[in-house]
Each structure stands twice: as structure tokens, then as C-alpha cells.
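Okay, thanks everyone for coming. Let me put the structure up, and then I'll walk you through a few things about it.

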Amino acid sequence: MENMQPNTDIRQTNVNNSKIWMFRFLVLIPASIMLVSWFLPWWTIDIEGFANNAAQIRPWGLELCGQMGGFAILMKGTEMPSWFGPFMWVFLGLCILALGVGLFVRGPKIGLGKVKFSLSQILIGGVGIAYLACGIIAAVYADTRMRNTFDVPLQGRAFIDMGDPLIAYVDTYLLPGYYLIFVAGILFLVLGLMRNKITGEE
């Protein structure tokens with residue numbers, strides 16, 4: 001009977017370790033989706049009779065296609081500040097760092113009253129919230145700038161007159177890369193909340 005207790009403890013430890021590694025694997029799924037969405041364009045504009053994907057919004061700023069040539073000057077005012085690109089790459093780096101720490105840390109629970117979360121939950125769920133906020137802020141900001149500068153919606157069809165040959169209808173779209181923000185963000189949030197149930201930890 002005395003020898004059974006150590007064996008039970010060992011089996012329980014192995015089960016818990018397996019669940020923890022399963023959780024880590026699950027977190028890699030939204031992490032991969034986040035990276036895919038990061039390197040895909042989030043928005044594009046087609047200028048009828050002139051160029052498809054004439055301009056694209058990426059996490060680090062606006063990119064113009066080569067066909068814009070000298071007409072790129074007409075997009076002046078839509079570019080982001082010089083610090084914005086580096087800032088967004090630092091943001092991505094901090095998200096990856098938080099995920100890396102969140103996968104292995106087992107810190108004390110933090111919270112108010114009966115609502116408490118472990119540091120791992122806070123870090124992983126926090127990345128989800130931050131990435132969701134990034135997508136929402138990007139869309140609101142881009143929509144405001146496009147409407148104020150060119151009277152063009154974030155998604156839809158509009159007529160622009162910026163001087164020959166840029167007198168045309170344009171079509172604007174949010175691309176799959178943008179929607180993947182919300183897939184990754186929601187998965188991070190769900191996994192953060194469900195961490196202890198998945199791992200079997202209290």
C-alpha cells in the first residue's frame with residue numbers, strides 16, 4: 001500500500017505534464033495565425049482601368065504598387081509617421097515575448113476578489129486583447145483617413161477625381177489577413193481563460 005502512493009503521484013504528474021504540453025501546442029495555433037495575418041496585407045484599393053492593389057495597408061503602414069509611379073505623390077497625407085513602422089514591429093516582438101513567457105510561467109494568481117487569473121492566463125489572454133484592439137484601431141483610423149482625404153470608404157465603391165489619369169471608380173476591400181486578426185485574437189482570449197481547465201491546474 002505504501003508503494004502505491006508514489007506511483008499514483010508519478011502518473012498524475014505525467015498526466016499534468018501531457019496536458020500542459022497539449023495547451024502549449026494549442027497556443028501555437030493562434031500564434032501561427034497571428035504571424036500569417038501579420039505578413040498578409042490587411043486592406044487594398046483597386047483603381048478601375050489603372051491598377052489593382054494600387055495601395056495596400058499592412059501592419060507597419062501603407063505600401064504603394066509600382067504602377068503608381070509619379071502619381072504616388074497624390075497619396076501624400078495618407079502615409080504613417082516614420083516611427084510607426086518600428087513601433088509596430090516592437091509591438092509584434094512584445095506579443096511573441098509575452099506568449100513565450102506565458103507558455104512556461106506558473107506565477108501566482110492575480111485579481112480582485114473571487115476573480116483571479118494566473119500570470120500565464122493574463123499574458124496569453126492579454127496578447128489576444130492587444131491584437132484585437134490593434135485590428136479595431138487600424139480599421140477605424142484607416143476609415144477616418146480615407147474618408148477625410150479622398151472621400152473613399154474602407155470597404156466599397158467610390159468615384160475619385162485626382163487629375164488625369166486618376167479619374168476613375170475605385171473599389172476598396174478588407175482582405176483575409178485582416179479577418180485573421182480576429183481569429184487569432186479570439187483564440188488567444190479563449191485559451192487564456194480556459195488554461196487551467198485544459199491543464200488540470202487549480
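**The overall fold**

So, let's start with contacts, meaning heavy atoms within 4.5 Å. If you take the contacts in the chain between residues at least 6 apart in sequence, 60% join residues at least 24 apart.

A quick word on ground rules. This is a predicted model, where local features need pLDDT of at least 70 and side-chain atom pairs count only at pLDDT 80 or more, while totals for chains, interfaces and linings use all residues. Residues are numbered from 1 along each chain as its sequence is written, and side-chain values use heavy atoms, with hydrogens and water left out.

Secondary structure next: the chain has four helices and seven strands. Those are DSSP runs numbered from the N terminus, H or I with at least four residues for helices, E with at least two for strands. Going along the sequence, the pattern reads α-β-β-β-α-β-β-α-β-β-α.

Of the 202 residues in the chain, 39% are buried. Buried here is under 20% relative accessible area, exposed is over 50%, and partly exposed is in between, using a 1.4 Å probe and protein chains only.

**The largest pocket**

Now, which residues lie nearest the centre of the largest pocket? Those are Ile 57, Met 80, Phe 84, Ala 138 and Tyr 141, out of 25 lining residues. The elements giving two or more residues to that lining are β2 (51–58), β3 (61–64), α2 (84–104) and α3 (119–150). The largest share, eight residues, comes from α3.

For the definition: on a 1 Å grid over the protein atoms alone, a pocket is an open set of points where a 1.4 Å probe fits, with protein on both sides within 12 Å along at least five of seven lines, and lining residues have an atom within 4 Å of a point.

**The cysteines**

A search of the whole structure finds zero. Take Cys 95: the closest cysteine sulfur is in Cys 134, and at 8.0 Å that is too far for a bond. Cys 95 is buried at 5% relative accessible area, and Cys 134 is buried at 13%.

**One proline**

Last stop is Pro 153, in the loop between α3 and β6 (156–161). Pro 153 is buried too, with a relative accessible area of 13%. Leaving out residues up to four places away in sequence, Pro 153 touches Asp 143, Arg 147, Ala 158 and Thr 172. Pro 153 and Asp 143 are 10 residues apart in sequence, and 6.2 Å apart in space, C-alpha to C-alpha.

Conventions: A disulfide is a pair of cysteine sulfur atoms within 2.5 Å.
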